[in-house]
Amino acid sequence: MFKRLGDAGAAVTLKIDGKPISARTGDTVAAAMLAAGVDHCRTTPVTGSPRAPYCLMGVCFDCLVTIDGVGSRQGCLVPVREGMAVETQVGKREAGR
Amino acid sequence: MAGNDYDVAVVGGGLVGAATSWGLAREGLRVALLDEGDRAVRASRGNFALVWVQSKGLGLAAYAGWTIRSSNAWGGFSDLLKQETGLDVSFQRPGGFHLCLSEKELEARANNLRRLHNQPGIVEYRTEMLDHGQVARMLPDIGPEVVGASYCPLDGHVNSLRLFRTLHTAINARGVTYLPSHRVENITKEGGEFRLTTAKGEIRAGKVALAAGNANMQLAPMVGLEAPMRPERGQIVVSERLRPFLHYPVVTLRQTDEGTVMMGDSKEESTDPTGLTLGVSATEVERAVRQFPLLRNVNVVRTWSAIRVMTQDGFPIYDESESHPGAFVLCCHSGVTLCANHALTVAPMIARGALDTSLVAPFSARRFHVQEAG
């Protein structure tokens, strides 16, 4: 659905739910997920409804994911890094993660 | 009775007033509930939602018995509300903890409880002192700094915002006339009936029950009663929704049925409900993290302050007027814990027209006049 512009940075590899995904330096986690065709990054704490990155500017909190073991990170505010482990956040966050 | 618009006018639409109105309507009375508007300073919107027994009654033994009566009635009360409204206020009574973060705190806690339970005339109930290992068996996520705790199996909690909504749904279904934006400015008794001057005109009723929280201080003298209060500010910090990890309420910390963790129990001398003292919130959270280290990286989503309804000695006031028969006053800090009593015990007394002194005499405001109390 999304197409990259020509001037993308150097390639990095991260994992989303254990699956290797190719992204570019300068991508945010949210952008990398959208570019990789991920259709949802979390389910809501109450009804379990699926959510994907939306505002991409730190406001809507719909792109919450677990990054390197820490839950409820805003994917649109975190730049990708080589070897980063991103997980879909399912329902309520687990305390301590 | 002829000419009265209502049998009873209840003043104050928070938890105390709504529970009392519900109880009066169950007795078949025509009830008007006079409330302020949306901007009322309302403890019912800001409270911590414990149905709490341990610690209650040091200095007034009868308060322990009164609290346990309500705690014991709470289960049946929430069932009644559910039958009438279909709403579940999530009352749970797994027992509750008071966690101590040093040997000194633990010793002070044990001494307090000893003094409480040694009072003459106090009702028998169990509060245990537990060491770290005993606490960890029930609360596996406590941190190493928790040296021990007191535990009382009678303690519980509820979803108090839903309780507030449920009571208003229930009184509406029972035909109580709810009158918002009717701030009461004056009360007189003429020709055997009470006349309440409000921002939106006069309301007449055969009886009046004052349940206006700290504002009872101004209202009570209008009908020959008194309510000496000392409002106090508390702050609460709320986390994002988390998977259930805390299956017992702690006096300063609890996980709601919806997953958020509330951290609170601060006390400040202030009557400003709009201010927040950041240092106070920080201290609440710092202690919460020492109690449960897994909260360290959890996100805070809300924080607020609210004004506690507090009498000058912290114990409830229930009184009826000698100079203005038919006028009653209800003041208490624990509007959630005592909600079942107000609905099921105090309201029927008001409906009958006389407080049952065998139950509530210790809570008369006459106790503030040592010389005259006799």
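In this predicted model, the contact between the two chains involves eleven residues of chain B and eight residues of chain A. On the side of chain B that touches chain A, five residues are nonpolar, three are polar and three are charged.

**Domains of chain B**

- Chain B is divided into three parts: domain 1 (6-49 + 161-229 + 312-373), domain 2 (96-153) and domain 3 (232-308).
- The centres of domain 2 and domain 3 of chain B, taken over C-alpha atoms, are separated by 21 Å.
- Between these two domains of chain B, twelve residues of domain 2 are in contact with eleven residues of domain 3.
- Strand S4 (residues 96-100) of chain B supplies four residues to the side of domain 2 that touches domain 3, the largest share of that side.
- By class, this side of domain 2 of chain B has seven nonpolar, three polar and two charged residues.

**Helix packing in chain B: H1 and H5**

- Helix H1 (residues 15-26) of chain B packs against helix H5 (residues 160-173) of chain B at an angle of about 30°, and their axes are 9 Å apart.
- As angles under 35 degrees count as roughly parallel, H1(B) and H5(B) are therefore roughly parallel to each other.
- The crossing in which H1(B) passes H5(B) is left-handed.
- From H1(B), the contact draws on Leu15(B), Ala18(B), Ala19(B), Ser21(B), Trp22(B) and Ala25(B).
- H5(B) contributes Leu163(B), Phe164(B), Leu167(B), His168(B), Ala170(B) and Ile171(B) to this contact.
- Ten nonpolar and two polar residues make up the contact of H1(B) with H5(B), with no charged residues.

**Helix packing in chain B: H2 and H8**

- Helix H2 (residues 61-85) of chain B and helix H8 (residues 339-352) of chain B pack at an angle of about 85°, with 7 Å between their axes.
- Angles of 65 to 115 degrees count as roughly perpendicular, which makes H2(B) roughly perpendicular to H8(B).
- Trp66(B), Arg69(B), Ser70(B), Ala73(B), Trp74(B) and Phe77(B) form the H2(B) side of the contact, while Ala340(B), Asn341(B), Ala343(B) and Leu344(B) form the H8(B) side.
- By class, the contact of H2(B) with H8(B) comprises seven nonpolar residues, two polar residues and one charged residue.

**Hairpin in chain B**

- Strand S9 (residues 184-190) and strand S10 (residues 193-198) of chain B pair in the antiparallel sense, over six bridges.
- Within this pairing, Ile187(B) has Leu196(B) in S10(B) as its bridge partner.
- Two residues lie between the strands of the hairpin of S9(B) and S10(B), in which Gly191(B) takes a positive phi near 55°.

**Sheet in chain A**

- Chain A contains an open sheet of five strands in the order S2-S1-S7-S5-S6, with mixed pairing.
- At the edges of this sheet are strand S2 (19-24) and strand S6 (70-74) of chain A, each of which pairs on one side only.
- On average, and with direction ignored, neighbouring strands of the sheet are turned by 40° against each other.
- Strand S5 (residues 64-67) and strand S7 (residues 85-88) of chain A pair in the antiparallel sense over three bridges.
- Opposite Thr66(A) stands Glu87(A) in S7(A).

Conventions:
Residues are numbered from 1 along each chain as its sequence is written. Chains are lettered from A and ligands numbered from 1 in the order in which they are written. This is a predicted model: local features need pLDDT of at least 70, side-chain atom pairs count only at pLDDT 80 or more; totals for chains, interfaces and linings use all residues. Two strands pair if DSSP finds at least two bridges between them. Axes are lines fitted to C-alpha atoms, for helices over the stretch in contact, and angles run from 0 to 180 degrees between N-to-C directions. Angles under 35 degrees count as roughly parallel, over 145 as roughly antiparallel, 65 to 115 as roughly perpendicular and the rest as oblique. A crossing is left-handed if the near helix is turned anticlockwise from the far one by less than a right angle, and right-handed if clockwise. Two residues are in contact if their C-beta atoms, placed from the backbone, lie within 7 Å. Ala, Val, Leu, Ile, Met, Phe, Trp, Tyr, Cys and Pro count as nonpolar, Asp, Glu, Lys and Arg as charged, and the others, Gly among them, as polar. Domain bounds come from an automatic or database domain assignment.
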